[in-house]
Amino acid sequence: MVDIISAKSLGSNDIKIDGAVGEPFCDDAKMSMRNVDVFYGDNQAIHDVSFDLEKNQVTALIGPSGCGKSTFLRCLNRMNDLIPICNVKGSLQLDGEEIYGKQMDPVLLRARVGMVFQKPNPFPKSIYENVAYGPKIHGLATDKSELDEIVETSLRKAGLFNEVKDRLDQPGTGLSGGQQQRLCIARTIAVSPEVILMDEPASALDPIATAVIEELIHELKEKYTIAIVTHSMQQAARVSQKTAYFHLGKLVEMGDTKQIFTNPRHELTENYISGRFG
Amino acid sequence: MTTANLVFIVMLIALASYWLGIQRSIKVAGGKQQVKDLVSLPSQYGLLTAFWCGIPAILFLLLWSAIESSVIDSLLIDKVVLSADGQIQQNMGLIVNNVKLLAEKITLSEDISSATDIQLQNAQFFIALNEKATWLKTLLTLVIAVGCVSTILAKIKHSFHARNNLERIVSGLLFTCSGIALLTTIGIVMSVLFESISFFSQVPITEFLFGTQWSPQIAMRADQVGGSGAFGAIPLFVGTILISTIAMCLAIPVGLMIAIYLSQYATKRIRSIAKPMLEVLAGVPTVVYGFFAALTVAPLIRDFGLLIDLPIAAESALAAGLVMGIMIIPFVSSLSEDAMTAVPVALKEGSLGMGATHSETIKKVILPAAIPGIVGAILLAVSRAIGETMIVVMAAGLAANLTFNPIESVTTVTVQIVSLLKGDQEFDSAKTLAAFALGLMLFITTLALNIAALKIVRKYREQYD
């Protein structure tokens, strides 16, 4: 009989995490993180994490609850700046530029590294205004017709245009959960980011809406580099090319998704993906 | 026995019956160990007994007090009519009052030598009647109290659901309390309404609403000088609007900016200091603001006017409006801040995550999402400004000038209500009744504002989420 046990009781006390195993680094890196530590006050949430996000690939961040994967994702576009007690150490680079460097403007960074959140959070505005929000702020369109075009392309890329083209002036909050999430993705695409971070984008959606989003992620990787945090191992296996397994704030293993799910090298990874805990 | 003493005794009986109810229930259960066999707790049986003792008795007392005096009066009138000739019918009220006065003198054993025989007779009759009534009242109250207690005690059995009965009594009590508040409101509205109607029977409603002359003096005699009343309320409405507008021009921008700062930018430490300070500002009595306006702000404004060769009245709408604006800043800022803090963090993150700056996020996402709350706050502040009296009395004066010039002296609806009701009043003069008409107008205005606020909040609520 296999006991389902919590991550803590199986934790790193029993099985040592001695640096990440697998292939965390690659030649064609869009973002590269080296020796990253994250602290909440005195509490260390991320311990010495190093890996690369490969260009035009989907990288899945998996691991049990509280392992720090969302925290880490939020460092990549400095969303953690909003939390005063959060402190990030180490090197995080986007195309060789230091994200936490003095020259980096967090506002511009977030336009380049967009984010889709766990719960769909459309603004209480019309569908059109939701997508036009970013381009207007960054002055991406010079006139109305150009803005219309950006809105239409973004909605098309998010696979939403045909469903909403007759009601662009209706509030975005009136859409279904799955449509709202695709609206949020369209909104993110509209400012032409280079990287899209997704924090459990399908966890609040039903299976059909989830399938649509996953299909979308698959298409988006042609143009964007994507990092996705997910609780569902099946989802990670379906959408990603690379998988990073986090455990209690440490990166345990990283490699090709196929290899991680068929032939994990670390005992903890194997325990997790075989459903022993998590 | 007086009614107060009776109430006290009924309370004592209720207290005793609480204990009796507990004892009785324990006895019915067959000892303290068997109490768990009862459907309700012993204390619930006790409480129920106490309620059943107290409530009917006190209700009876209330009813008795309400009708006692009129019954006695009618009995007394019958007696007076019997003992006197037919001619005195028209002075009945006076005679009855005389008899009552005499009766009071007799009970206080004062000098009654001037009274006639018939008067003395009537007075004795009145005293006897009162005594009888008091005895009857005491007796009946006690009988009701004891009777109810014994009935309920007899009803206590294993299967008697004291718990449910108690629940019904409690909900009845709560209903009564809310009924009192409701009835009071209706009473106030009705009284204002009826007095206003009688005012409009003396002064045409069109003159009141559209007249531009306000001088509420009514001639007592035909030859009196300067007593031709004019009841055109336009100058008062204009004054009220002028002062409220000045106040809102100050309070809305400053209050909103305070709210934005406190909800979006301030650190926890600053907020923990600034919020209580603002609440203190809201707690300052308006009369303090009033003399602040009259003694500090008004002279300052006048001195500033002299500096730029502009004659400003000592009592100006500007001074009153500015100080009133300061007074209502906390109303705007506190409620708006709550509204902005209530905007989900997810919306803020969504905007920031797309590369919007903090101020862009506030302007384009947080403020629009918080609009219902902010509008509610502003309308509440406007109601406060319109209803405010003390500051205007002290700083803006009483002269009913019809002007939109903020550096002149104006007056407001509330101030005129105060000055109309100051001193001696007769309830049939148009001057006194005018206060009710003004009150009605004020009531309608604030009611309309409140309804508008509710409508706006309801319409935009749940837009996010």
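**Figure 1. Secondary-structure elements of chain B and their confidence.** Chain B contains 15 helices and two strands. Among the elements of chain B, helix α7 (residues 234–265) of chain B has the highest mean pLDDT, at 92. The lowest mean pLDDT, 79, belongs to helix α3 (residues 92–107) of chain B. Over chain B the average pLDDT is 85, and 93% of the residues reach a score of at least 70. Where pLDDT is low, the predicted coordinates should not be read in detail. For the model, ipTM is 0.84 and pTM is 0.73.

**Figure 2. Overall dimensions of chain B.** Along the principal axes, the C-alpha atoms of chain B fill a box of roughly 85 × 85 × 35 Å. The radius of gyration of chain B is 33 Å, whereas a compact globule of 465 residues would have a value near 23 Å.

**Figure 3. Burial and contacts within chain B.** Of the 465 residues in chain B, 38% are buried. Contacts in chain B were considered between residues at least 6 apart in sequence, and 73% of these join residues at least 24 apart.

Note on methods
Residues numbered from 1 in each chain as written. Chains lettered and ligands numbered in written order. Predicted model: local features only at pLDDT ≥ 70, side-chain atom pairs only at ≥ 80, totals over all residues. Heavy atoms only, no water. Helix = DSSP H or I, 4+ residues; strand = E, 2+ residues; numbered from the N terminus. Rg over C-alpha atoms; globule rule 2.2 N^0.38 Å. Buried < 20%, exposed > 50% of the residue type's maximum accessible area, 1.4 Å probe, protein only. Contact = heavy atoms within 4.5 Å. pLDDT = per-residue confidence, 0-100.
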